[in-house]
Amino acid sequence: MSEITGRIIKTYNGYYYVLGRDGVTYTAKVRGRLKKARFLLAAGDWVTLETRGEEGMIETILPRRNLLQRPLVANLDWLFAVFAAKDPAPSFLLIDKLLALAEAYDIPAALVINKCDLAAEGFLEQIRAIYEPLGYPVYFVEARKGKGLDPIRAKMTGLTSAFGGPSGAGKSTLLNHLDPSLTLETGAVSEKIGRGRHTTRFAQLLPFAGGFIVDTPGFGNIDLRELELPSVEAGFRELAPYAGQCRFTGCSHRSETGCAVREAVEAGTISKTRYASYLAMYEEASARKEWEK
């Protein structure tokens, strides 16, 4: 037996499929002493395991950089929020929810606008003006034609990236154009565990450009229940500079007088669409708390 370090690329039915640093994929279970402790293992986790042949026992879970709860995946380098310029119509609220999700879990995020040939006049310029000053990279693509994908591919090289967004935005088309062999790679992973790509229900890591693309089934519904934020405010990085500047302690930034955030919105320093998203998310979070009581 030997001990190696590897990364979980798939979990299924109590088994963990670990890609070792030696390039071998091991079918692993969890050591009994680890089971006695409270533990959570996700695709993307780095682990140590004792191996015999192509089987192994997971001994330890190495420290994580981040952990996304749904889909369950660890150690993401990028979360690409994919939205269409039209069909379906873009929603600033959904964009901001997904970016807040990334903010909550300390995952670097970028915005991808697909179907740019269908964009209404001025829409692309509006998107760039809102999100690039906040530090979010923005990519305009036409996935069906494979246009605009090279900068995204370069950003992903050697890293672990996930794609999220509403149904119909073109995520699958985008991924297929980024790497036409991706479905073949998926088939190779699934062959070992006896499941096909279209029936998978759990996140898995697929090799891509020296790194991984995370196949995230069901990552279309963006739910604020996934946001473990100290406050909705923490999901909006542009509000941080105004912390403590409002007249009243605990200001909700909705209707209070002397609110530094509202003044920044009126001055145009904070985007009105972002502020509207903040208000909507605040109301949603407040309603959920009342319901939970």
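**View 1. Val30 and its partner across the strands.** In this predicted model, Val30 has Ile58 of strand β5 as its bridge partner. The two strands involved, β3 (residues 25-30) and β5 (residues 55-61), run parallel and are joined by four bridges. Strands count as paired if DSSP finds at least two bridges between them.

Because the model is predicted, local features need pLDDT of at least 70 and side-chain atom pairs count only at pLDDT 80 or more, while totals for chains, interfaces and linings use all residues.

View 2. Most residues other than glycine have a negative phi, and most peptide bonds are trans. Asp87 and Pro88 are joined by a cis peptide bond, with omega about 5 degrees. Asp87 also has a positive phi, near 55 degrees. You'll find Asp87 in the loop between β8 and α2, and Asp87 is partly exposed at 48% relative accessible area. (Buried means under 20%, exposed over 50% and partly exposed in between, with a 1.4 Å probe and protein chains only.) Ala209 is another non-glycine with a positive phi, about 50 degrees. Ala209 sits in the loop between β12 (204-208) and β13 (211-215) and is partly exposed too, at 38%.

**View 3. Cysteines without a disulfide.** The structure holds zero disulfides, a disulfide being a pair of cysteine sulfur atoms within 2.5 Å. For Cys246, the closest cysteine sulfur is in Cys251, 3.9 Å away, so too far for a bond. For Cys259 the closest is also in Cys251, at 3.7 Å, again too far. Cys246 is buried at 13% relative accessible area, and Cys259 is buried at 2%.

**View 4. Ser277 in helix α8.** Ser277 belongs to α8 (residues 272-292) and is buried, with a relative accessible area of 3%. Its side chain makes a polar contact with the side chain of Asp96, at 2.6 Å. (That means N or O atoms within 3.5 Å; within protein, one must be able to donate a hydrogen and the other to accept it, and residues adjacent in sequence count only if both atoms are side-chain atoms.) Leaving aside residues up to four places away in sequence, Ser277 touches Phe92, Leu93, Asp96 and Phe236, where contact means heavy atoms within 4.5 Å.

**View 5. Aromatic rings at Phe80 and Tyr139.** The whole structure has seven aromatic pairs. One of them, Phe80 with Tyr139, is tilted, at 6.4 Å centre to centre and 50 degrees between the planes. Phe80 in β8 and Tyr139 in β10 (residues 138-140) are 59 residues apart. (Rings of Phe, Tyr and Trp, the latter by its six-membered ring, pair if their centres lie within 6.5 Å; planes under 30 degrees apart are stacked, over 60 edge-to-face, the rest tilted.) Trp78, Phe80, Tyr139 and Phe163 make up one aromatic cluster.

Terms used: Residues numbered from 1 in each chain as written. Heavy atoms only, no water.
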